[in-house]
Amino acid sequence: MPNPVTSNYPDIGDSGEDLVAQWLQSTGWEILHRRFRCRWGELDIVAEYHERTKPHQPPTLAFVEVKTRSTGSWDQGGREAITTKKQTKLWRTAEIFLTKYPDKANYLCRFDVAIVSCQRILHQVHGETVNQKCLASLSISGYRLELEEYIPAAFDYSVV
C-alpha cells in the first residue's frame, strides 16, 4: 500500500478562519467557539460582543460563516455559496448551539459572513503592497490572505 501524500500547503480555510477570529478579537469580540459541530453542520466561529455603551442590552452572539477563496473564484469570493440550503444548515446548527448553551438563548443573535481572499505569493518583494480596502491580512507559507469584507447580519434566520 502506498504512503499517503503529505501536503506542504497550509489549510487555507483554517487560516482564513484564524484571520477572521483575530480580527474579531481586535474589534472587541470574544471568540466562544471555533468549528462547533453537530449533526446538522458546523459553525466556523461563534463570537460574543458586549456593548459597553448600552450595559442593559443583552450581548450579541454572532454565528460567523467564513468563506476563503482564491482570486477569481466561480462563486464571487464565496458570496454565492451562502445559499438558502446553507442558511438553513447554519440556522439549525445555531439552534443546537443555543440548546447546548441555554444561558446564551436570550442574546441578540445574528448570522455574519466573512469574505477572505487568498493569493499565492510567487516571490518576495521589498515593501509589501497592501490592499487599502482589506480589514485585516495574514501571510502564511507562501500565501497572503485578506479579510475583504465582513457582513454583519448577512441573512435573517427567521426567514429560513
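# Rings and cores in a predicted model

Q: Where does Gln 22 lie in this one?
A: Gln 22 lies in helix α1. Keep in mind that the model is predicted.

Q: Is Gln 22 buried, exposed or partly exposed?
A: Gln 22 is partly exposed, because its relative accessibility is 45% and the class in question runs between 20% and 50%.

Q: How far apart are Gln 22 and Ser 137 in space?
A: Their C-alpha atoms are 10.0 Å apart, although 115 residues separate the two in sequence.

Q: Switching to rings. How many aromatic pairs are there?
A: A search of the whole structure gives 7 aromatic pairs. One of them joins Trp 29 and Tyr 49.

Q: Why is the pair of Trp 29 and Tyr 49 called tilted?
A: The ring centres are 5.2 Å apart and the planes meet at 40 degrees, so the pair counts as tilted.

Q: Trp 29 first: buried or exposed?
A: Trp 29 is buried, because its relative accessible area is 12%. Tyr 49, at 23%, counts as partly exposed.

Q: What about Phe 63 and Phe 97?
A: Those two form an edge-to-face pair, with 5.8 Å from centre to centre and 80 degrees between the planes. Phe 63 is in strand β3 and Phe 97 in helix α2, so this pair ties together parts that are 34 residues apart in sequence. Both Phe 63 and Phe 97 are buried.

Q: Which cluster are they in?
A: Phe 63 and Phe 97 belong to one aromatic cluster with Phe 36, Tyr 101, Phe 111 and Phe 155.

Q: What sits over the ring of Trp 40?
A: The charged end of Arg 92 does, 4.5 Å from the ring centre.

Q: New topic. How many residues are in the largest nonpolar core?
A: That core has 21 residues, and those with the most contacts inside it include Val 20, Leu 24 and Tyr 150. Helix α1 supplies the largest share, 6 residues. Strands β2, β3, β4 and β6 each supply at least two.

Technical notes:
Residues are numbered from 1 along each chain as its sequence is written. This is a predicted model: local features need pLDDT of at least 70, side-chain atom pairs count only at pLDDT 80 or more; totals for chains, interfaces and linings use all residues. Side-chain values use heavy atoms; hydrogens and water are left out. Rings of Phe, Tyr and Trp (its six-membered ring) pair if their centres lie within 6.5 Å; planes under 30 degrees apart count as stacked, over 60 as edge-to-face and the rest as tilted. Buried means under 20% relative accessible area, exposed over 50%, partly exposed in between (1.4 Å probe, protein chains only). Helices (H or I, at least four residues) and strands (E, at least two) are DSSP runs, numbered from the N terminus. A charge sits over a ring if NZ of Lys or CZ of Arg is within 6 Å of the ring centre and within 35 degrees of the ring normal. A nonpolar core is a set of buried Ala, Val, Leu, Ile, Met, Phe, Trp, Tyr and Cys residues joined through side-chain atoms within 4.5 Å.
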